Amino acid sequence: MPTPKKSTPKKSASGSKKPLAYGAAIVVAAGLLGFASYQATAPDDTAPDTSSAPAAEVSADPNEGVYPELAKLARRDADDKLATGRADAPVVLIEYADFKCGYCGKFARDTEPELIEKYVKDGTLRIEWRNFPIFGEESENAARAAWAAGQQDRFWEFHRAAYAEGAKEKGFGKDRVKALAEEAGVKDLDRFMKDLDGKPARDAVTKDQEQAYGIGATSTPSFLINGRPIAGAQPDETFTRAIEDAAEQAKATTAGNGTGDSAK
């Protein structure tokens, strides 16, 4: 079965290359997150029509274990431009995705808005985005563009525009991402274009890529929900069950520590 072309992970500041070591969790995550098929992530015109296709042909049992090493990857940074939801939310969903991935678009259009409405708005869930471009130059360009839009507080608006029906078929060249930024309401387009090609954008994308490869992710979308790996654009109930399980576990842990409900 063919696999998507990966971007080569760059050296980190320490000079080492990924994968990172997260103990035994990396072995399990590699199995779960690397299981998604090529057809679930194919970016070109041969990919299935994701507007009507079923979820990715992968399985992710929400009763699988939670791995503390992976749960620690949640940044919980209140200033994170590529996140939504309270920094102290009891549940954090980390999403590793590519703007050229058809099933990432399916998740963004069909599932994510419902999760935001149901769980983010009531303080239960925080969503942290990680740029994981694996389909070449245009994927890298879109990832840096999303980061640049975020510097002007328009990441989620850019995210929505880039994942709109038919958007990826138009490509993500420089003129196209500029048009998407304008559609997203980015005010200073000159700054946007400068940020897009700047070292901070490249470093931020590389950091996210290395983290994804480090936990064994080889396809998009891949997720962690409080350290529980989920691969592919699964049915809504997979996410709702995993989020509610994680929320209950967080509540039980908090009660056990005698600290009360810290999410309020």
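Asparagine 226 sits in the loop between S4 and S5. Helices (H or I, at least four residues) and strands (E, at least two) are DSSP runs, numbered from the N terminus. Asparagine 226 has a positive phi of about 50°, although it is not a glycine. Its relative accessible area is 19%, so asparagine 226 is buried. Here buried means under 20% relative accessible area, exposed over 50%, and partly exposed in between (1.4 Å probe, protein chains only).

The model is predicted: local features need pLDDT of at least 70, side-chain atom pairs count only at pLDDT 80 or more, and totals for chains, interfaces and linings use all residues. Residues are numbered from 1 along each chain as its sequence is written, and side-chain values use heavy atoms, with hydrogens and water left out.

Two further backbone features were found. Aspartate 153 also has a positive phi, of about 60°, and is not a glycine. This aspartate is in the loop between H4 and H5. Aspartate 153 counts as exposed, at 52% relative accessibility. The peptide bond from threonine 220 to proline 221 is cis, with omega near -5°. Proline 221 belongs to the loop between H8 and S4. Most residues other than glycine have a negative phi, and most peptide bonds are trans.

The strands form an open sheet. There are 5 strands, in the order S1-S3-S2-S4-S5, with mixed pairing. Strand S1 (83–84) and strand S5 (228–231) stand at the edges; each has a single partner strand, so one side of each lacks a neighbour in the sheet. Two strands pair if DSSP finds at least two bridges between them. Strands of a sheet pair through backbone hydrogen bonds, either parallel or antiparallel.

How many of the 7 residues of S2 are buried? The count is 7 of the 7, so S2 is largely enclosed by the rest of the structure. Val91, Leu93, Glu95 and Ala97 point one way from S2. Val92, Ile94 and Tyr96 point the other way, and all are buried.

Charged side chains were examined next. Side chains of opposite charge can pair when their charged atoms come close. A salt bridge is a side-chain nitrogen of Lys or Arg within 4 Å of a carboxyl oxygen of Asp or Glu. The structure holds 17 salt bridges.

One of them joins the side chains of lysine 100 and glutamate 138 (3.7 Å, N to O). This pair links distant parts of the chain, 38 residues apart. Lysine 100 is in the loop between strand S2 (91–97) and helix H3 (102–120), and glutamate 138 is in helix H4 (residues 137–150). Lysine 100 is buried, at 14% relative accessible area. Glutamate 138 is partly exposed, at 31%.

Another salt bridge joins arginine 109 and glutamate 165 (3.4 Å, N to O). Arginine 109 lies in helix H3 and glutamate 165 in the loop between helix H5 (155–162) and H6, so the pair ties together parts that are 56 residues apart in sequence. Arginine 109 counts as partly exposed, at 25% relative accessibility. Glutamate 165 is exposed, at 53% relative accessible area.

Lysine 199 and aspartate 203 also meet in a salt bridge (2.6 Å, N to O). They are 4 residues apart in helix H8 (residues 199–214), which means a separation of about one helical turn. Lysine 199 counts as exposed, at 59% relative accessibility. Aspartate 203 is partly exposed, at 37% relative accessible area. Salt bridges also link Arg144, Lys174, Asp197 and Arg202 in a network.

Helix packing was considered for H6 and helix H7 (residues 189–196). The two pack at an angle of about 135°, with their axes 11 Å apart. Axes are lines fitted to C-alpha atoms, for helices over the stretch in contact, and angles run from 0 to 180 degrees between N-to-C directions. H6 and H7 are therefore oblique to each other. Angles under 35 degrees count as roughly parallel, over 145 as roughly antiparallel, 65 to 115 as roughly perpendicular, and the rest as oblique.
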